[in-house]
Amino acid sequence: MNDWVSQEASLTEGYRQCAKLTWRYGTTYFWGAALLPRPQRKHVYAVYALCRLADDIVDLPNGQHPGPSPGGSTNSADIPVDGPPTDPQAASTSSSNPSVRLATFAKSFQTSLAEGGGTDPVMAAVVDTVITRRIDPECFDRFFNAMAMDLTKTSYQTWEDLRDYMEGSAAVIGEMMLPVLEPISQAAKAPARSLGLAFQLTNFLRDIDEDLDRGRIYMPQEDLRLFDVDLERRAVTPGWRAFLAYEIERNRALYSFADTGLALLPPRSARCVGTARVLYAQILDQIERSGYDVFSSRARVPTSRKAATAARMMVTGPRALKRQAEAYQRRSIDVTQDTY
């Protein structure tokens with residue numbers, strides 16, 4: 001009895017930390033998840049927490065604790081405010097080598113999953129989510145492989161090359177979230193993958209300047225050459241504006257295909273996804289309003305607008321997005337395949 005109480009207390013604490021992490025660093029996901037029934041909400045936080053903790057190892061390779069960026073927030077939703085996981089296996093190395101730290105973190109997750117739980121509350125919550133929502137463990141293999149790729153590859157020649165990376169870093173996250181959202185049809189998988197890609201491409205466009213500081217370029221070199229852009233200059237030239245408009249159009253096409261999946265979700269899940277989708281896409285609107293200048297400041301959506309969007313979506317649902325999706329389907333020959 002005492003062991004069961006202890007495990008339940010650990011799970012409760014783990015989910016609390018996952019929620020706190022999402023609230024502090026992933027507010028778009030937090031506001032979207034707020035529209036889900038309470039039993040589902042915590043699982044969004046848990047998936048988010050695992051992915052962001054791994055991403056932090058990649059983005060902060062020297063092991064420093066994340067701190068505010070000049071814009072007042074961190075680049076990635078990183079480590080829970082109460083500290084990183086303290087699982088003995090994860091803590092067994094003090095290496096500053098990010099490859100070692102990432103491999104250790106991945107191994108800790110895999111071991112905890114095999115054992116059905118973990119001593120660290122956050123990891124225990126993540127494992128509980130994977131098991132209870134029946135998320136395919138293979139998704140996490142693809143995810144950790146992509147995170148490892150981020151440590152060695154700093155640029156991509158073509159959109160197809162970038163898509164190969166985003167398969168494991170973004171599309172697969174849409175697959176992880178899908179069991180939490182309880183779709184009414186397996187056809188929701190392709191739109192969910194497209195939404196993961198859309199979210200990440202929006203991040204890439206918003207964070208071009210910060211990624212340059214890290215020595216990374218996620219914009220396809222082929223596209224940069226097409227518009228005669230020297231990204232290292234960080235100059236807002238006519239060519240740069242044309243280039244960014246081109247990438248934003250590609251990004252919106254991903255969102256349009258993702259919208260076709262809303263009709264395949266229960267109403268509360270559709271509201272959750274619709275809220276996150278609208279909020280993320282507003283970042284693209286902010287970039288356009290700034291004249292495509294992503295170097296002077298970081299495009300962001302105010303918290304007040306996030307709250308208002310969530311409240312409106314709770315009342316009306318994603319009606320406009322569904323209408324747009326129907327129009328997209330009418331003009332598309334085949335929206336069932338990963339053609340984006």
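Q: What should I know about numbering and cut-offs before I start?
A: Residues count from 1 along each chain as its sequence is written. As this is a predicted model, local features need pLDDT of at least 70 and side-chain atom pairs count only at pLDDT 80 or more, while totals for chains, interfaces and linings use all residues; side-chain values use heavy atoms, with hydrogens and water left out.

Q: How many helices and strands are there in the protein chain?
A: Helices (H or I, at least four residues) and strands (E, at least two) are DSSP runs, numbered from the N terminus. Here you get 14 helices and zero strands.

Q: What percentage of the residues of the protein chain count as buried?
A: Buried means under 20% relative accessible area, exposed means over 50%, and partly exposed is in between, using a 1.4 Å probe and protein chains only. Of the 340 residues, 54% count as buried.

Q: And which range in sequence do the contacts span?
A: Contact means heavy atoms within 4.5 Å. Take the contacts between residues at least 6 apart in sequence: 75% of them join residues at least 24 apart.

Q: How do helix 3 and helix 7 pack, and at what angle?
A: Two packed helices are described by the angle between their axes and the distance between the axes. Axes are lines fitted to C-alpha atoms, for helices over the stretch in contact, and angles run from 0 to 180 degrees between N-to-C directions. Helix 3 (residues 38-59) and helix 7 (residues 159-181) pack at about 165°, with axes 9 Å apart.

Q: Are helix 3 and helix 7 roughly parallel or antiparallel?
A: Under 35 degrees counts as roughly parallel, over 145 as roughly antiparallel, 65 to 115 as roughly perpendicular, and the rest as oblique. Helix 3 and helix 7 are therefore roughly antiparallel.

Q: Which residues meet there?
A: From helix 3, the list includes Gln-40, His-43 and Cys-51; among their partners in helix 7 are Ile-173, Met-176 and Val-180.

Q: Is Gln-40 buried or exposed?
A: Gln-40 counts as buried, because its relative accessibility is 8%. Leaving aside neighbours within four places in sequence, Gln-40 is in contact with Arg-133, Val-180, Leu-181, Glu-182 and Ser-269.

Q: Where does Glu-182 lie?
A: Glu-182 sits in the loop between helix 7 and helix 8 (189-206). Glu-182 has a positive phi of about 55° although it is not a glycine, and at 38% relative accessibility it counts as partly exposed.

Q: Where is Arg-134 found?
A: Arg-134 is in the loop between helix 5 (121-132) and helix 6 (138-150). Arg-134 also has a positive phi of about 55° without being a glycine, and it counts as exposed at 74% relative accessibility.

Q: How many disulfides does a search of the whole structure find?
A: A disulfide is a covalent bond between the sulfur atoms of two cysteines. The test is a pair of cysteine sulfur atoms within 2.5 Å, and the search finds zero. Cys-51 is in no disulfide, and its nearest cysteine sulfur, that of Cys-139, is 9.9 Å away. Cys-51 counts as buried at 6% relative accessibility.

Q: What does the side chain of Thr-104 lie 2.8 Å from?
A: A polar atom of that side chain lies 2.8 Å from the backbone oxygen of Val-100. Thr-104 is in helix 4 (residues 98-115), and at 14% relative accessibility it counts as buried.

Key
Polar contact = N/O pair within 3.5 Å; in protein donor to acceptor, adjacent residues only side chain to side chain.
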